[in-house]
Amino acid sequence: MRSFILIKAFLLCSYRSESQTVQVQPGEEITPLCPNISTTPTQTDWLRLVNRTKSSCVSSLYESEGSPSFCHGFQNGKYEMSSNVSTVFLKIKHVDLSDSGLYFCGFYIKKHTVIAEVIELSIKTDCKAIISILDESDGRINLITVILGSLTVLLTIVIVGLAVKIRKLQTASHFLENKQNRGPDHLNYAALSFQAKPKRNRRPASERQLEPNVVYAATR
């Protein structure tokens with residue numbers, strides 16, 4: 001693709017008063033048309049001039065059956081260039097304010113670029129369009145908020161569940177460790193001691209043996 005260093009001055013000189021103006025709403029799709037003025041296969045370029053100060057190439061195509069080449073800043077799939085025997089097309093999808101400006105269609109003929117069509121693309125910015133854009137933005141923000149909130153709740157539930165499971169595993173591990181340390185034959189015994197109650201001597205007094213060192217007295 002050729003250099004476009006002097007394109008701004010060239011386009012300003014090529015601008016014609018009979019250029020057509022196209023107005024579209026933001027988000028719509030538009031396809032500017034350019035008549036094919038070349039009788040032989042040649043290179044066709046779409047160029048854009050913004051505020052009559054900033055110029056840039058959009059795309060380039062050699063022959064109608066070739067593949068278009070897009071310039072820097074126009075390679076995001078938003079623009080599509082095609083051609084047939086009589087017309088050159090430039091499709092612009094999801095138009096927004098940044099797409100406004102003058103679009104030039106030029107053909108490289110005999111070492112010169114000949115402008116065949118000039119189209120001024122104007123983007124409407126009425127209240128309804130602005131409100132619609134804001135509503136769409138609010139809807140996206142609300143959807144993102146709901147998704148993030150749901151993910152936060154889900155993540156919290158997962159964390160709590162993992163914490164409980166880890167706690168249970170730690171408790172079971174400590175129990176098994178204590179059981180292994182005590183051994184399988186370890187038993188607790190409760191020792192009980194029983195003392196026999198002393199038996200009383202219930203023999204008759206006559207049969208009891210008298211103590212030798214005791215003085216007994218009989219009374220009536």
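These legends describe close-up views of a predicted model.

Residues are numbered from 1 along each chain as its sequence is written. Local features need pLDDT of at least 70, side-chain atom pairs count only at pLDDT 80 or more, and totals for chains, interfaces and linings use all residues, while side-chain values use heavy atoms, with hydrogens and water left out.

**View 1. The largest nonpolar core.** This core has 28 residues. A nonpolar core is a set of buried Ala, Val, Leu, Ile, Met, Phe, Trp, Tyr and Cys residues joined through side-chain atoms within 4.5 Å. Buried means under 20% relative accessible area, exposed over 50%, and partly exposed in between (1.4 Å probe, protein chains only). Trp46, Ile92 and Tyr103 have the most contacts inside the core. Two or more residues come from each of E3 (43-50), E4 (54-62), E6 (79-83), E7, E8 and E9. Strand E9 gives the most, with six residues. Strands (E, at least two residues) are DSSP runs, numbered from the N terminus. In soluble globular proteins, nonpolar side chains tend to be buried together.

**View 2. Surroundings of Ile92.** Leaving aside residues up to four places away in sequence, Ile92 touches Glu28, Glu29, Ile30, Lys78, Tyr79, Asp99, Tyr103 and Leu121. Contact means heavy atoms within 4.5 Å.

**View 3. The aromatic pair.** The structure holds one such pair. Ring centres of Phe74 and Tyr79 lie 5.1 Å apart, with planes at 70°, so the pair is edge-to-face. Rings of Phe, Tyr and Trp (its six-membered ring) pair if their centres lie within 6.5 Å; planes under 30 degrees apart count as stacked, over 60 as edge-to-face and the rest as tilted. Phe74 is buried at 5% relative accessibility. Tyr79 is buried, with a relative accessible area of 5%.

**View 4. Two loop residues with positive phi.** His94 sits in the loop between E7 (87-92) and E8 (101-109). Its phi is near 55°. His94 counts as exposed, at 61% relative accessibility. Lys111 lies in the loop between E8 and E9 (112-123). Phi of Lys111 is about 65°. With a relative accessible area of 70%, Lys111 is exposed. Most residues other than glycine have a negative phi.

Conventions. Helices (H or I, at least four residues) and strands (E, at least two) are DSSP runs, numbered from the N terminus.
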